[in-house]
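Biologist: I would like to learn how to read a structure. Can you take me through it step by step?

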Amino acid sequence: MELVTPEIGLVFWTSVSFFILFIILAKFAWKPIMGAISERERSIEDALLKAEAAKDEMARLTNENDALLKQARAERDLILKEAKVLKDQIVADAKDNAQKEGARMIELARIEINNLKAIAMADVKNQVASLSLEIAEKVLRKQFEDSSKQDALVADLLKEVKL
Amino acid sequence: MIGSIAALGAGLAVIGAGIGIGQVGGKAMEGISRQPEAASKIQTAMIIAAALIEGAALFGVVVSFLGLR
Amino acid sequence: MHFSHVLKSKKIALSLILGVFLTFCTCKTFATQAEHAPETEQPAHTEGGHEEAFNPSEVILEHIADSHSIHLWGTASIALPVILYTDKGLEVFSAANFEHGHKDFAGKHYTYRLVKDKVAIVEGTDNLLPAATVLSLNKKLIDFSITRNVVSMWMSMLIIFIIFLSVSSAYKKREGKAPKGLQSFIEPIIMFVRDDIARPNIGYKYERFMPLLLTVFFFIWVNNLIGLVPFFPGGANLTGNIAVTFVLAFITLVVVNINGNKYYWKHIFAPDVPVWLYPIMWPVELVGIISKPFALMIRLFANITAGHIIVLSLISLIFVFKAASVSLVSVPFVVFMDVLELLVAALQAFIFTLLTALFIGTAIEEHHH
């Protein structure tokens, strides 16, 4: 019975001691310790969150970069395409122009040539005419140097002339 | 005399508690072997249950103390 | 205070435990002999004078119970102050005046005698008036002595202060860094109390109760461990004393009921049963309020006391059989029991804290059903 009967003295001292223990530990031990532990946990969690955020940011940046790259590539392609079209057009235009110009020049040349040809022909005709006249004069002069031949010719001519 | 009878009663109480704690422990082991990932939860629950059963046995022990002069 | 490296090696720890308890064994044998001897010459038995048969239950109960002196070794002991509150006033003197119960002491107001390590008033001719206990209040004499248990409690408080104040200063010094030394030994225990005891049982409001739970946990644990040490700083059976567990359980009772919210009180005074059942339910629920801390009190008390009784019984076997060879059997058993008690010391602290957290949790639970 004695063993299971609490004694007032010990109850009193235990209460007082436990109260003191509780107050001192709560103030000087648990508060800083729990504070430090939760502070550290919070900082670790913060760091993890930050790492996660950084990872997200990284992924976002990479995505953005990719998108930008894609866009740039597409733009470049577009520009190239446009340039090509333009080039083609310019080349085509140039070709066309050149052709036209060439044709025109050829035409002009032909006209000139024709003109020159005509002039030359005319010249040649004149020369031929004068040459043939000269030749004919010379031949005639030779032919008619002696009077017998003249007579023979006349006789021939007369023979031809039939009245 | 009273002390001895109280001690016998305490012994009887301990038999019951022993069976009870044995059951708790055995079932907990089964549970852990079935679900090893829940081991810590099962352990906590097991200790609580064992403590409650043990409390009953300890009442028997205390009764036997009461018999001591 | 950095002794964690000692604890790291299992071999060292084991041999330490073994060494401590082997010392304990020899100490206890001397102690039982020494303390047994004067008992036979107590005033009540003086006529006989012959050697009395060894009574193990008497010796064991003497060790379990509180005392007004701390036994050191052989016949050496420290006499503790006796503080008595009598109906005529306060009385303070040293327990050395009793000379281990051989002599009565005539104080200012009464003459006192030590009977089974308890102070009693001698009135008239050998009419003894015992000191008051909580249950049987004797108006004449209340014993507020600094007993062996009180000294042991203060020792444990000193140890707790040294450990935790140094740890908390380490936290201040090494802010935001990983724990080191004693700090890294204590932190997992604190985290265990927080994550495995407080948070799952109390819920998100656990932070308010952490100081109480931690204090209770370490107070019980350290005192359990000190109770296992058989020589001077320990040797007392503090947590195996019903007065101490009564105070601890009473604190739980008060904390639980102060923090009980309206759901808790509704569950007690207006449960979901027909109104005519209320007269039956109220006493049942009120008994439930008391019985939970009561079970806490009994559990801790009986566990620790039972452990001490078993150890002492095993030692007593040597003296019952009056043969040193029995120690070959009983000492290994004692070592085994002591190792088991190391486990029980932590387990009981854990259970007490866990159940306190559980009761607080049910009292502050927001809504159930």
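Modeller: Start with domains: their bounds come from an automatic or database domain assignment. Chain C has domain 1 (81–145) and domain 2 (150–364). Taken over C-alpha atoms, the centres of domain 1 of chain C and domain 2 of chain C are 32 Å apart.

Modeller: Some ground rules. This is a predicted model, where local features need pLDDT of at least 70 and side-chain atom pairs count only at pLDDT 80 or more, while totals for chains, interfaces and linings use all residues. Residues are numbered from 1 along each chain as its sequence is written, chains are lettered from A and ligands numbered from 1 in the order in which they are written, and side-chain values use heavy atoms, leaving out hydrogens and water.

Biologist: How many salt bridges are there over all chains?

Modeller: Side chains of opposite charge can pair when their charged atoms come close. A salt bridge is a side-chain nitrogen of Lys or Arg within 4 Å of a carboxyl oxygen of Asp or Glu. The whole structure has 14.

Biologist: Which residue forms a salt bridge with C:Asp195?

Modeller: C:Arg194 does, with the closest N and O atoms 3.1 Å apart. Shared partners join A:Glu41, C:Arg194, C:Asp195 and C:Arg199 into one network of salt bridges.

Biologist: Is C:Arg194 buried or exposed?

Modeller: Buried means under 20% relative accessible area, exposed over 50%, partly exposed in between (1.4 Å probe, protein chains only). C:Arg194 is buried, at 3% relative accessibility. C:Asp195 is partly exposed, at 29%.
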